Amino acid sequence: MDVMSDQLSSVHILNQYLLTFVMVISMVLVARTVVAGTRYSPILIIVVFGLAMGFLLVSTGLATPGLKEFPVMELSSRVTITALMASFFVGGQEIRKLIARDRIDVRDMVVPSSQELFLGTKATQFMFLVRAFFILTGIEALKRLLVGYDSGGAIDNFYPLLGYLGIVASIILIDHRAQIENKGLYIRKGVMETVMIVLLLIISFYIAQWIRPVIALPEIFFAMVLSVSLGMVLVHWKLGPTLRSLLFAGIPVVLAANFMVGGSQIMDAFRLTGMSAVLSFGFFGQLLWMFGGLAILIWLGHANHIRNLAPGMAGALSHSGLTGACTAGDLGKEAAVRAPIMINIPFIGHIFVFSVLAASASAGKLLLPYTLVIVGAGILLTWWALKVLRKGEGVDSKEIRGLMLFSLGWQLIAVFGGLLVLSISGMSLEYAVMANASAISHFGLFAAIQEGMFGAEAASLIAFVFAMPFLVHPLVFGIFGKTAENKGIMPKYIVYSLALLGVAGVLYAMIRAWMG
């Protein structure tokens, strides 16, 4: 009887793996089909479809909130750090090139296939997408196995199997239609990249555990530091299939899984006291921080071009959706090259950000003196950045330097300015962090909350709270799409109007929070 039970469990987990693969990959493919022929990003469609799928699974009785009946989906939603490590590594390479004053090299050792398998998705892109799923799930399973992670579920017994399937599939799934200079070397690079990511994740995990008694810095901070440092050392490394797949499809895959989990919690979340204020701030805060930042870059920085605006705001907000659109090449080659630099720069200040947040979490309230100092530093850095950008005159190195300063300065303002106004309105620290993480679609805060930095309730709710402001993305990606079609120039008066709407909405959310 036990043998039969074990066999059924093995078959069940394989069915789960296949079902999760089909749901995630089909969702991304449908999203790419919907936006085919336009300059809009598929991230927007992934938001809507993911929330709808999660909601339908619960409303039809196939699952409960959190999708506990789909353990592989839960595993797929927890791979945020792995998906970002490719961007961190490439960002480290580009920072080194910038410091050394080398011209940014956008040449590629691979010529992708031009054959379209699905509307909006070419053969090489499809293989990147499929590989990304196997890489992410395989690496996460191996990491959990090696660090002894215990989820308390039956899936713990299958980490060796899931890790094996994911890694083996990711090695063999190479598009034969693409023109590759040295296929043997290319495959070996993919294996080496996968091994290195696993090692860095394990090292990050143990460093976070070791330093936790002193300060509760999240794993993503150490993963970022190690990945960026490695990228700066291996500045001449030509990317293999693992990093290429994660850059192209890592974030869409993570978001698809997360939004399905978030969609399953819609009804439960709306029943919680104070959740309306959290969601209101997340929604209108997205307008404020995104379009407020764009307005400042356009009006005061004289930097109205998509090569500046897209990577600048992706870095300034550590914005998951915009980062994915940039690194996937949806917003142009220059944005794709600059985005990894910009999303790394704000993390330099994260030792202070997460230090203050960790201390605040221990105290149960935001530490206002440190917060005010950080907001002040952010204002000074933003002023300096705008001054540099005004003198950029289209020079690549000057624009990148100005955007680096802006990414750090505006992020400090957005993170701690948002927490400051929510603290003034009386919102609890746990809800304030969720609200502000969603307001700026901040992947770093999202990963930290998901790890449990601000308690179990916040960790369970963040997938849903984080997803809701993505409904603003029809405006965000709509305007960026229009900008791409308008030779890179953004319609500034629409941006100014949306920024003002964000200010009004944030004031409304503060009043809701104050009224309880």
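Me: Why is Leu199 called partly exposed?

Reply: This is a predicted model. In it, Leu199 has 43% relative accessibility. Buried means under 20%, exposed means over 50%, and partly exposed is in between. So Leu199 counts as partly exposed. Leu199 sits in helix H7.

Me: What makes the nonpolar surface patch of about 440 Å²?

Reply: Ile187, Val191, Val195, Met196, Leu199 and Ile203 make the patch. A patch residue needs over 30% relative accessible area. Leu199, at 43%, passes that cut-off. On a helix, residues three or four places apart point the same way, because an α-helix has 3.6 residues a turn.

Me: What makes H19 mostly covered?

Reply: Eight of the eight residues in H19 are buried. Buried means under 20% relative accessible area. Among the buried residues are Phe443, Leu445, Phe446 and Ile449. Gln450 is buried in H19 too. After H19 comes Gly452, with a positive phi near 100°.

Me: How much space lies in the second largest pocket, and which residues are the closest to its centre?

Reply: The second largest pocket holds about 1,000 Å³ of space. Its lining has 48 residues, and Glu74, Arg78, Arg144, Tyr149 and Gln450 are the closest to the centre. Helices that give two or more residues to the lining include H7 (183-211) and H19 (443-450). H20 gives the largest share, five residues.

Me: How is the lining of the second largest pocket split by class?

Reply: The lining has 24 nonpolar, 15 polar and nine charged residues.

Methods. Residues numbered from 1 in each chain as written. Predicted model: local features only at pLDDT ≥ 70, side-chain atom pairs only at ≥ 80, totals over all residues. Heavy atoms only, no water. 1 Å grid on protein atoms, 1.4 Å probe; cavity = no way out; pocket = protein on both sides within 12 Å on 5 of 7 lines; lining within 4 Å. Points joined across faces, edges and corners; volume = space filled by probe spheres on them. Helix = DSSP H or I, 4+ residues; strand = E, 2+ residues; numbered from the N terminus. Nonpolar A, V, L, I, M, F, W, Y, C, P; charged D, E, K, R; others polar. Patch = residues over 30% accessible without salt bridge, like charges linked within 9 Å, V, L, I, M, F, W, Y side chains within 5 Å. Areas by Shrake-Rupley, 256 points an atom, 1.4 Å probe, with all protein chains shown as cover. Salt bridge = Lys/Arg side-chain N within 4 Å of Asp/Glu carboxyl O. Buried < 20%, exposed > 50% of the residue type's maximum accessible area, 1.4 Å probe, protein only.
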